[in-house]
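Me: I have a new structure open and would like to go through it. Can we take it topic by topic?

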Amino acid sequence: MKDKLNARQKKFAEYYAQSGNIVQSAIKAGYSEKYANADACKILENPRVSEYIKELTAKAQQDRIITAVERQAILSDIAKSYGISLIKFKFHFLLYHAHLLHSTYIFVKILKKADC
């Protein structure tokens, strides 16, 4: 699909797949700032460009996915390196993340009160 795109369209698709920002992707790809601010969405309407973006996004997602077996192996290796059982490690891992979520919740409440 990328062979059917011109250089700017290809660059736009690659920047957009990374950032999700239409205007900045258009500017980085070489479109004028005026065009990027007014009509960059037209680039996305091009079926070849949108198909290439889908290809890039699907590949990136596939690269990030780990299987349940891989995840279990990683957690086991971490637990073994600390000399604790996997069950105890998972408990502490979950406890830590619960604490982070609670801290974030409190921080957001403070910001809302301060009208930031």
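Reply: What follows covers the core, the aromatic rings, the salt bridges and the surface.

Me: What should I know about the model before we start?
Reply: This is a predicted model, in which local features need pLDDT of at least 70 and side-chain atom pairs count only at pLDDT 80 or more, while totals for chains, interfaces and linings use all residues. Residues are numbered from 1 along each chain as its sequence is written, and side-chain values use heavy atoms, with hydrogens and water left out.

Me: Ok, the core. Which residues make up the largest nonpolar core?
Reply: Twelve residues: Leu5, Phe12, Ala13, Ala26, Ala29, Tyr31, Ala36, Ala40, Ile43, Val49, Tyr52 and Ile53. A nonpolar core here is a set of buried Ala, Val, Leu, Ile, Met, Phe, Trp, Tyr and Cys residues joined through side-chain atoms within 4.5 Å. Buried means under 20% relative accessible area, exposed means over 50%, and partly exposed is in between (1.4 Å probe, protein chains only).

Me: Which elements give two or more residues to this core?
Reply: H1, H2 and helix H5 (47–64) do. H5 gives the most, with three residues. Helices are DSSP runs (H or I, at least four residues), as are strands (E, at least two), and both are numbered from the N terminus.

Me: And isoleucine 43, where does that lie?
Reply: In helix H4, residues 41–45. Isoleucine 43 has a relative accessible area of 5%, so it is buried.

Me: Switching to rings. How many aromatic pairs are there?
Reply: The count is two. Rings of Phe, Tyr and Trp (its six-membered ring) pair if their centres lie within 6.5 Å; planes under 30 degrees apart count as stacked, over 60 as edge-to-face and the rest as tilted.

Me: Why is the pair of phenylalanine 12 and tyrosine 16 called stacked?
Reply: Because the ring centres of phenylalanine 12 and tyrosine 16 are 5.8 Å apart and the planes are at 10°. Both residues sit in helix H1 (residues 7–19), and being four residues apart there, they are separated by about one helical turn. Phenylalanine 12 has 0% relative accessibility, so it counts as buried.

Me: What about tyrosine 31 and tyrosine 35?
Reply: The rings of tyrosine 31 and tyrosine 35 are stacked too, because their centres are 5.5 Å apart and their planes are at 20°. Tyrosine 31 is buried at 11% relative accessibility, while tyrosine 35 is partly exposed at 28%.

Me: What lies over the face of tyrosine 31?
Reply: Arginine 8, at 4.2 Å from the ring centre. A charge sits over a ring if NZ of Lys or CZ of Arg is within 6 Å of the ring centre and within 35 degrees of the ring normal.

Me: How many salt bridges does the structure hold?
Reply: Two. The term means a side-chain nitrogen of Lys or Arg within 4 Å of a carboxyl oxygen of Asp or Glu.

Me: Which residue does lysine 10 form a salt bridge with?
Reply: Glutamate 14, with the closest N and O atoms 3.9 Å apart. Lysine 10 and glutamate 14 are four residues apart in helix H1, so about one helical turn separates them. Lysine 10 is partly exposed at 29%, and glutamate 14 is partly exposed at 28%.

Me: And lysine 42, which side chain does that meet in a salt bridge?
Reply: Aspartate 39, at 3.7 Å, N to O. Lysine 42 is partly exposed at 45% relative accessibility, and aspartate 39 is partly exposed at 26%.

Me: Last topic, tyrosine 82: buried or exposed?
Reply: Exposed, because its relative accessibility is 62%. Tyrosine 82 is in the loop between helix H6 (68–81) and helix H7 (86–114).
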